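Work through the exercises below with the model open. Each task is followed by a solution in steps.

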Amino acid sequence: MIGKGVGVLTLTNITKSWGQGDARQQVLRGIDFKLAAGQSCALTGESGSGKSTLLHLAAGLDDAESGTIILDGQDVTALNDAGRAALRRTTVGVIFQQFNLIPSLNVAANIAFQARLANRADPAWADALARRLGLSEHLRKYPEQLSGGQQQRVAIGRTLAARPKLILADEPTGNLDEDTGTRVLDLMLELVRETGTTLLMVTHSGRLADLLDRRAHLERGRITP
Ligand SMILES: Nc1ncnc2c1ncn2[C@@H]1O[C@H](COP(=O)(O)OP(=O)(O)OP(=O)(O)O)[C@@H](O)[C@H]1O
Ligand SMILES: [Mg+2]
């Protein structure tokens with residue numbers, strides 16, 4: 001059982017630059033950030049402030065320049081590629097704005113996919129998720145046959161099916177109209193809370209940010225609480 005006070009994600013003095021020479025730009029200038037188990041946090045900030053960069057570092061998809069990232073007790077910055085890949089399979093779930101479903105797999109197989117990679121295939125849980133996400137009627141359909149909101153619900157189901165400790169979501173409802181986006185996010189938050197999953201979600205919307213436990217704001221390369 002995970003206590004609320006235990007850090008699932010801890011960033012210490014993270015810096016990151018992009019580009020070389022004159023084009024070099026320091027995007028993150030010393031990020032200190034901690035997310036406790038079971039907490040949900042909105043990450044806000046202007047376009048270009050480095051929100052996606054930060055999420056990619058936390059997911060081990062890119063390298064930080066300096067600093068440490070501890071994810072579920074493991075130092076991501078010290079892991080090799082295989083170690084990071086394993087962490088992404090079993091510990092972290094990533095949800096992007098574009099739904100990133102596998103086009104050749106139907107809804108049921110898309111939902112089962114991540115859980116199978118994590119070695120946590122659980123048909124009863126996958127079924128329950130599909131039902132909760134309103135996808136039971138669509139299990140045999142392919143992603144191209146679904147609306148945007150339906151596709152994002154599949155992406156959420158696929159992520160939750162693997163029972164990750166931490167979900168990193170980058171504007172998960174950014175491609176949806178406001179009403180659909182709110183409904184999809186409500187469902188995601190309900191499931192995240194029930195399962196005790198920790199969530200860090202990038203959003204431009206103050207209204208959506210208010211639905212989460214807390215907010216972190218990225219400005220001039222630093223996080224202000
Ligand atoms: N792979 C990359 N190569 C070079 N520069 C990059 C790369 N990724 C991001 N950047 C730069 O880093 C800065 C921060 O980008 P990032 O995508 O993290 O911002 P963001 O806060 O997510 O913005 P948005 O709200 O528009 O999604 C930008 O100036 C961007 O041009
Ligand atoms: Mg972004």
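**Exercise 1. Overall build**

Task: State how many helices and strands the chain has, and decide whether its radius of gyration agrees with that of a compact globule.

Solution. 
- Step 1. This is a predicted model. The chain has seven helices and ten strands.
- Step 2. For 225 residues, a compact globule would have a radius of gyration near 17 Å. The chain has 17 Å, so the two agree.
- Step 3. Along the principal axes, the C-alpha atoms fill a box of roughly 50 × 35 × 35 Å.
- Step 4. Buried residues account for 48% of the 225 residues.
- Step 5. Take the contacts between residues at least 6 apart in sequence: 73% of them join residues at least 24 apart.
- Step 6. The chain exposes about 10,800 Å², and carbon and sulfur atoms supply 47% of that area.

**Exercise 2. The nonpolar cores**

Task: Find which residues touch the most other members of the largest nonpolar core, and which element supplies its largest share.

Solution. 
- Step 1. The largest nonpolar core holds 36 residues. Ile111, Met188 and Leu199 touch the most other members.
- Step 2. Several elements give at least two residues each: helices H3 (107-117), H4 (123-132), H5 (148-161), H6 (178-195) and H7 (206-209), with strands E7 (166-170) and E8 (198-202).
- Step 3. H6 supplies the largest share, six residues.
- Step 4. Now take Met188. Setting aside neighbours within four places in sequence, Met188 contacts Ile95, Ile156, Ala169, Pro172, Leu199 and Met201.
- Step 5. A second, separate core has 30 residues, among them Val8, Leu28, Leu43 and Leu168.

**Exercise 3. The shell around ligand 1**

Task: Identify which residues come nearest to ligand 1, and how much of the area of ligand 1 the protein buries.

Solution. 
- Step 1. There are 13 residues around ligand 1. Ser47, Gly48, Lys51, Ser52 and Thr53 come nearest.
- Step 2. Strand E2 (25-36) and helix H1 (51-58) each supply at least two residues of the shell. H1 gives the most, with three residues.
- Step 3. Look at the backbone. An N or O atom of the Gly50 backbone lies 3.0 Å from an oxygen atom of ligand 1.
- Step 4. Look at the side chains. For Ser52, a side-chain N or O atom is 2.8 Å from a ligand 1 oxygen. For Thr53, the corresponding distance is 2.6 Å.
- Step 5. Taken alone, ligand 1 exposes 630 Å², and the protein buries 61% of that.

Key: Residues are numbered from 1 along each chain as its sequence is written. Chains are lettered from A and ligands numbered from 1 in the order in which they are written. This is a predicted model: local features need pLDDT of at least 70, side-chain atom pairs count only at pLDDT 80 or more; totals for chains, interfaces and linings use all residues. Side-chain values use heavy atoms; hydrogens and water are left out. A nonpolar core is a set of buried Ala, Val, Leu, Ile, Met, Phe, Trp, Tyr and Cys residues joined through side-chain atoms within 4.5 Å. Buried means under 20% relative accessible area, exposed over 50%, partly exposed in between (1.4 Å probe, protein chains only). Helices (H or I, at least four residues) and strands (E, at least two) are DSSP runs, numbered from the N terminus. Contact means heavy atoms within 4.5 Å. The radius of gyration is taken over C-alpha atoms; the globule rule is 2.2 Å times the number of residues to the power 0.38. Accessible areas come from the Shrake-Rupley method with a 1.4 Å probe; for residues, only the protein chains shown count as cover. A residue is near a molecule or strand if one of its heavy atoms lies within 4 Å of it. A polar contact is a pair of N or O atoms within 3.5 Å; within protein, one must be able to donate a hydrogen and the other to accept it, and residues adjacent in sequence count only if both atoms are side-chain atoms.
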